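Hi everyone, thanks for having me.

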Amino acid sequence: MKKHVNEVYKMGNVLNSWATNNATKLESQPKLIEIINLIKDEHTQLDINIGIQQQNLQPYTVGKQVKKENLLKHLFACSTLLYNHAITQGNQQKATKLKVSHSKLNRMKTTTLLKFAQDRVKLCREKSTTLNETGITPEMFEAFKQATTEFKTSLTRDCS
């Protein structure tokens, strides 16, 4: 694929130089000029795409992975405590909905994971008066909210 893109890119450069050298002859051919301009626009877009492809995204990916692991740690801890609380209260139906494994969380798509974490934050807010009974301390809850916010911001990045 890369070889094909390089060949197309080279052909675009050849066309640009030919069109520049023969500009006076091309003035009498408006349709040909229109076609050449369309090709030049596509060549410019190809140039932009090649630049984007060559960006080093490794720091972004590593940072996002660290934030995901941090979110998974807090999400799993809070979910486990909520599950255990539901079991001790004898609410088996709610406990079944709250049960989640670390591997299941890890396999979730990023958008699904974010929505799941936001739903758990919302659930914790609703239980704010009895949150200490579940074993979730205010510090744990704040760290969980912070991890969710950081993960959400890591999903949106500046591509400039």
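So, what do we have here? The protein chain holds nine helices and zero strands. Please keep in mind that this is a predicted model. Of the 160 residues in the chain, 26% are buried. The accessible surface comes to about 11200 Å², and carbon and sulfur atoms account for 56% of that.

Now for the contacts. If we take those between residues at least 6 apart in sequence, 71% join residues at least 24 apart.

Let's go inside. In soluble globular proteins, nonpolar side chains tend to be buried together. Here, the largest nonpolar core has 24 residues, and Leu-71, Leu-75 and Phe-144 are among those with the most contacts inside it. Which elements give two or more residues to this core? They are helix H4 (58-88), helix H5 (92-98), helix H7 (110-126) and helix H9 (138-155). H7 gives the most, with seven residues.

Leaving aside residues up to four places away in sequence, Leu-75 touches Leu-105, Leu-113, Phe-116, Ala-117, Arg-120 and Phe-144.

Last topic: cysteines. A disulfide is a covalent bond between the sulfur atoms of two cysteines. How many disulfides does the count come to? The count is zero. Take Cys-78: its closest cysteine sulfur is in Cys-124, 5.2 Å away, so that is too far for a bond; the cut-off is 2.5 Å. Both cysteines are hidden away, too: Cys-78 is buried with a relative accessible area of 2%, and Cys-124 is buried at 0%.

Methods: Residues numbered from 1 in each chain as written. Predicted model: local features only at pLDDT ≥ 70, side-chain atom pairs only at ≥ 80, totals over all residues. Heavy atoms only, no water. Core = buried A, V, L, I, M, F, W, Y, C linked by side-chain atoms within 4.5 Å. Buried < 20%, exposed > 50% of the residue type's maximum accessible area, 1.4 Å probe, protein only. Helix = DSSP H or I, 4+ residues; strand = E, 2+ residues; numbered from the N terminus. Contact = heavy atoms within 4.5 Å. Areas by Shrake-Rupley, 256 points an atom, 1.4 Å probe, with all protein chains shown as cover.
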